[in-house]
Amino acid sequence: MSMALVSAGNVVLAIVLLFVLIILASAIKIVKEYERAVIFRLGRIVGARGPGLFFIIPIFEKAVIVDLRTRVLDVPVQETITKDNVPVRVNAVVYFRVIEPVKAVTQVSNYIMATSQIAQTTLRSVIGQAHLDELLSEREKLNLQLQKIIDEATDPWGIKVSTVEIKDVELPSGMQRAMARQAEAERERRARILLAEAERQAAEKLREAAEIISEHPMALQLRTLQTISDVAGDKSNVIVLTLPMEMLKLFRSLADTAEVAKVKLEKEVREEAEKEAEAKAEQE
């Protein structure tokens with residue numbers, strides 16, 4: 001009989017010890033460096049504890065663990081229309097973290113879902129107020145605007161939005177072709193302007209060269225000789241030599257001088273012959 005009582009007492013003691021261990025295990029809490037525990041006592045908020053080891057009152061207190069690390073939220077693709085009536089598909093990414101764990105637990109039921117919904121609606125609103133050119137060329141400005149609006153909306157929940165980035169902008173195929181044509185036309189316009197400017201500068205230099213040559217006629221002959229020297233190295237080239245008007249005038253002058261000298265010489269020869277004939281006649 002006594003053995004039965006001892007066995008029953010041991011069982012009760014074991015049950016009590018097990019119950020105490022369970023109570024103690026539930027009273028001990030350990031949170032990591034990047035976590036905080038929001039404590040509720042009989043349904044009322046007590047505050048945030050951690051990191052490290054702390055104790056709570058079992059049954060009467062409850063701990064809700066909140067992660068303080070930066071979270072990356074991928075905003076799904078949003079279809080919207082820009083201010084200049086161009087349909088676009090835009091997605092983004094949001095970086096945020098909890099800075100006040102008590103507000104994140106008590107002010108909103110699911111702060112991650114709430115932040116996601118705020119980001120989606122804000123993205124559609126901001127893109128709808130921007131022109132297509134702004135969306136393509138001033139994306140940094142839109143990112144700052146999105147970050148400011150989302151951060152202000154989530155501030156009552158203890159959320160800090162650090163960065164918002166628009167990842168991709170998808171345009172209709174027709175708009176892409178139109179933009180490609182526009183870019184091609186712009187490049188062609190710039191090429192024609194550059195070509196015209198080059199022609200103008202070349203004409204200016206040729207005009208200056210012509211003025212210098214007109215003041216110094218021999219410069220044209222020197223330039224002609226330089227050109228002949230440049231092309232003479234290749235035997236396959238056929239050189240067509242053009243003479244300037246000054247050289248033709250020189251040749252005419254030389255020809256006239258030679259003609260005068262010839263006439264003078266013939267006259268002297270005739271006079272000499274006549275003198276010899278008269279001398280022979282006097283001797284006879």
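What relative accessibility does Lys141 have, and does that make Lys141 buried, partly exposed or exposed?

1. Lys141 has 48% relative accessibility and counts as partly exposed, where buried means under 20% relative accessible area, exposed over 50%, and partly exposed in between (1.4 Å probe, protein chains only). Its salt-bridge partner is Glu138, with the closest N and O atoms 4.0 Å apart, and Glu138 is partly exposed at a relative accessible area of 36%.

2. This is a predicted model, in which local features need pLDDT of at least 70 and side-chain atom pairs count only at pLDDT 80 or more, while totals for chains, interfaces and linings use all residues. Residues are numbered from 1 along each chain as its sequence is written, and side-chain values use heavy atoms, with hydrogens and water left out.

3. The structure holds 14 salt bridges, each being a side-chain nitrogen of Lys or Arg within 4 Å of a carboxyl oxygen of Asp or Glu. One of them joins Glu61 and Arg41 at 2.5 Å, N to O; because Glu61 lies in strand 5 (residues 61–67) and Arg41 in strand 2 (residues 35–41), this pair ties together parts that are 20 residues apart in sequence. Strands (E, at least two residues) are DSSP runs, numbered from the N terminus. Glu61 is buried, at 7% relative accessibility, whereas Arg41 is partly exposed at 36%.

4. Arg89 and Glu79 also form a salt bridge, their closest N and O atoms being 2.5 Å apart; Arg89 lies in strand 7 (residues 87–98) and Glu79 in strand 6 (residues 71–81), so the pair connects parts ten residues apart in sequence. Arg89 is partly exposed at 33%, while Glu79 is exposed at 58%.

Conventions: Helices (H or I, at least four residues) and strands (E, at least two) are DSSP runs, numbered from the N terminus.
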